[in-house]
Amino acid sequence: MKKPAGIAGDAASKLISKRITELGDWRGKTLARMRELIHAADPDVLEEWKWMGTPVWSHDGIICTGESYKAVVKLTFAKGASLEDPS
């Protein structure tokens, strides 16, 4: 049985905005700022909502996920290990 792909586009964007509002503290502000930076870096990015409520940003594949926990906001980059180290 194929797993559902998740929610994409405007519906996902609304869910991400709702999550940011619900957090209501530094975590919401941080996630909102990361979202702004992602959109600035790639204006054609697609917002998705997957895996029981995880914000996902994609463009020809997953770029990153944005997760919020009690003490951190974490971005997980799908191909982060393959990025060149500028130093």
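Okay, let's start with the pocket lining: by class, the largest pocket has five nonpolar, three polar and two charged residues around it. Here Ala, Val, Leu, Ile, Met, Phe, Trp, Tyr, Cys and Pro count as nonpolar, Asp, Glu, Lys and Arg as charged, and the others, Gly among them, as polar. Before I go on, this is a predicted model, so local features need pLDDT of at least 70, side-chain atom pairs count only at pLDDT 80 or more, and totals for chains, interfaces and linings use all residues. Residues are numbered from 1 along each chain as its sequence is written, and side-chain values use heavy atoms, with hydrogens and water left out.

Which residues line that largest pocket? They're H59, D60, G61, I62, I63, F77, A78, K79, G80 and L83. A pocket, on a 1 Å grid over the protein atoms alone, is an open set of points where a 1.4 Å probe fits, with protein on both sides within 12 Å along at least five of seven lines; lining residues have an atom within 4 Å of a point.

Now the sheet. It's open, with five strands in the order β1-β2-β3-β4-β5 and antiparallel pairing. Strands are DSSP runs of E, at least two residues, and helices are runs of H or I, at least four, numbered from the N terminus. Pairing takes at least two DSSP bridges. β3 (residues 54-58) and β4 (residues 62-68) pair over three bridges, antiparallel, and V56 stands opposite T65 in β4.

Last, the helices. α1 (residues 10-23) and α2 (residues 26-41) pack at about 145°, axes 7 Å apart. Axes are lines fitted to C-alpha atoms, for helices over the stretch in contact, and angles run from 0 to 180 degrees between N-to-C directions.
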